[in-house]
Amino acid sequence: MARGWQTTPLLDNAQPGGWALVRSPQGFLVDANGVLFPREWLKRQDLPICDEQGLGQFDDQPVWLLSLDHPVMPEGCFWQSLRQFMLQADYPTFRMLAFAEQVGTWRSNHRFCGRCGSPTQQVAGERCMRCPECGLDSYARISPSMIVLVTRGDEILLARSPRFVAGVYSTLAGFVEPGESAEECVAREVREEVGIEVHNLHYLGSQGWPFPHSLMLGFHAEYAGGEIVPQADEIEDAAWFPIDNLPPLPMQRSIARYLIDLYVARRLGQPEPQLHR
């Protein structure tokens, strides 16, 4: 049987058995066997569970998410962040955790109505929180954003934010603003972050980015003019790098790394990488 993760229609919390993930502000609970725990066993551990959400299936077995008010560790367990899992876990496990993180974030952010402030209630059979007072529905939504690799022949433009791991450079990215197309967002963000103009945009793929709830739309763009002027407080450094002398790059599973590796492969006539989805 192929190992994998599948989202499914909402599971009934009254259904017994299955597996569960445990999420708290410190990440996901882990023990020597991984992140999936017998659900009924967890419920006997006197954990401060504040919410339970049916997620989907892993290897055809149902999985729920148990959210805690504060982190409590049963014996032999520890907490690990989603970014650590992105670096270390197999991809099906990371996909499951990424979905769980976004569902947990949505649920905790919509406990109260954003219009009138009343406590919300989950709609049966839907991932929707409804206000019983004013009727506002709050669904689990994502924020569209663009990420772009800008090139100039055998050079690529890379930048680093003060928030990055020391030494790492990456592509440029930013959120789409209301009324703006993804292509307009690319041009605006590049202009704002490094002061240059681009043209010949090509869409290359997308990747869900659960930090906390984005959909990254990946582009390649060519340099059209201007000099690099890093945006104050946003860009620590930016420069043109030859493809045969690149700085430390983002993690392999990220769409940023895919955009870089794809361009280098095409430029050198090498096999093209695949984007993790």
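1. D137 and R130 pair through their side chains in a salt bridge, with 2.6 Å from N to O. The term covers a side-chain nitrogen of Lys or Arg within 4 Å of a carboxyl oxygen of Asp or Glu. D137 is partly exposed at 23% relative accessibility. R130 is also partly exposed, at 35%. Here buried means under 20% relative accessible area, exposed over 50%, and partly exposed in between (1.4 Å probe, protein chains only).

2. A note on the basis. This is a predicted model, in which local features need pLDDT of at least 70, side-chain atom pairs count only at pLDDT 80 or more, and totals for chains, interfaces and linings use all residues. Residues are numbered from 1 along each chain as its sequence is written, and side-chain values use heavy atoms, with hydrogens and water left out.

3. R267 and D154 form a salt bridge at 2.5 Å, N to O. R267 sits in helix α5 (residues 255–268), and D154 in the loop between β11 (143–152) and β12 (155–160), so the pair ties together parts 113 residues apart in sequence. R267 is partly exposed, at 42% relative accessible area. D154 is partly exposed at 43%.

4. Helix α5 also holds D261 and R257, four residues apart, about one helical turn. Their salt bridge has its closest N and O atoms 3.1 Å apart. D261 is partly exposed at 24% relative accessibility, whereas R257 counts as buried at 16%. The salt-bridge count comes to 16.

5. On the overall fold: the protein chain has five helices and 16 strands. Both are DSSP runs numbered from the N terminus (helices H or I, at least four residues; strands E, at least two). The C-alpha trace spans about 60 × 45 × 35 Å along its principal axes. Of the 277 residues, 47% count as buried.

6. Contacts (heavy atoms within 4.5 Å) reach across the sequence. Among those with a separation of 6 or more, 62% join residues 24 or more positions apart.

7. Surface and charge. The accessible surface of the protein chain is about 14,100 Å², with 50% belonging to carbon and sulfur atoms. Areas come from the Shrake-Rupley method with a 1.4 Å probe; for residues, only the protein chains shown count as cover. The 23 positive and 34 negative charges have mean positions 4 Å apart. Lys and Arg count as positive, Asp and Glu as negative; His and the chain ends are not counted. Each charge is placed at NZ of Lys, CZ of Arg, CG of Asp or CD of Glu.
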